[in-house]
Amino acid sequence: MIDALYISASGLRGEQKQIDVISNNVANMQTPGFKRSRVNFAEVATAAVAAQSNESELTTQSLMRGNGARVISTSTLFSPGEMRQTQGALDLAIDGNGFFELEAADGSTVYTRDGQFRLDDEGFLASIHGQRLAHSVQIPADAKDIRIDAKGEITALLAGDEARSVLGDIELATFAAPDALVSIGNNRYVPNEASGTVSYGRPNEPGFGGLQQGYVELANVEMIDEMSALVLAQRAYQLNARVLQAADQVLETINNLRR
């Protein structure tokens, strides 16, 4: 009976984490570039118990008794989201597996699928949170009609020029196992040993995907899927709570018998 308390407690913790992750997915379903997460469970180490045969004789056969489940990780699903046209000259969507590389405030690099860029005070492309695009080019203040093609080439009309000028190129990054990237908030991710080292390439090269100017990639969250998963998680939470309550009632009955 004590085992039932621990098993139900581990189930409650796991389902609470599941509900938290689903709630975060739903809350960000309108956030451009957001990628839904899922909780990964593992069975807690099982114990072998002797089984009794139909002939009421103890046999050497053993059954594996479950000891509940626990959360082992939370992973991000990088399936593509819907492309939405914004007409913004600096809005970029990646039609493929690449990531934008951003420079964090501490000098490190982080990665994102959110292509909502702006020009910072010095004319560099920066995210809406102020982090500059890595290897970005400086766009002159008098540049007009900025265009970014599918291969990442940035061109614009400069003051006094009749022909377009090439200002630079945008690079993309990829990882061998992007599902293992670690989320650090605000649609940003950092690599770890499991995700592999970063690889760089030009947009439209195999494995990186092309750029679409004037579009943003919406979140890959499907409301129906999330609500279905939420109902299942809530019911599983209730079942574990009932197991906990039943175990408590049995223990209380046993204690009363001893009085």
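Trainee: Which residue is the bridge partner of Arg147 in S13?
Mentor: Some ground rules before that. This is a predicted model, where local features need pLDDT of at least 70, side-chain atom pairs count only at pLDDT 80 or more, and totals for chains, interfaces and linings use all residues. Residues are numbered from 1 along each chain as its sequence is written, and side-chain values use heavy atoms, with hydrogens and water left out. Strands are DSSP runs of E, at least two residues, numbered from the N terminus, and two of them pair if DSSP finds at least two bridges between them. Here, Thr155 in S13 is the bridge partner of Arg147. S12 and S13 (residues 153–157) are antiparallel over 3 bridges.

Trainee: In what order do the strands of that open sheet run?
Mentor: The order is S12-S13-S14, with antiparallel pairing. S12 (144–148) and S14 (165–169) are the edge strands, each pairing on one side only.

Trainee: Is Ser75 buried or exposed?
Mentor: Buried means under 20% relative accessible area, exposed over 50%, partly exposed in between (1.4 Å probe, protein chains only). Ser75, found in strand S4 (residues 69–76), counts as buried because its relative accessibility is 13%.

Trainee: Which side chain does Ser75 join through a polar contact?
Mentor: A polar contact is a pair of N or O atoms within 3.5 Å; within protein, one must be able to donate a hydrogen and the other to accept it, and residues adjacent in sequence count only if both atoms are side-chain atoms. Ser75 has such a contact of 3.2 Å with the side chain of Asn40.

Terms used: Helices (H or I, at least four residues) and strands (E, at least two) are DSSP runs, numbered from the N terminus.
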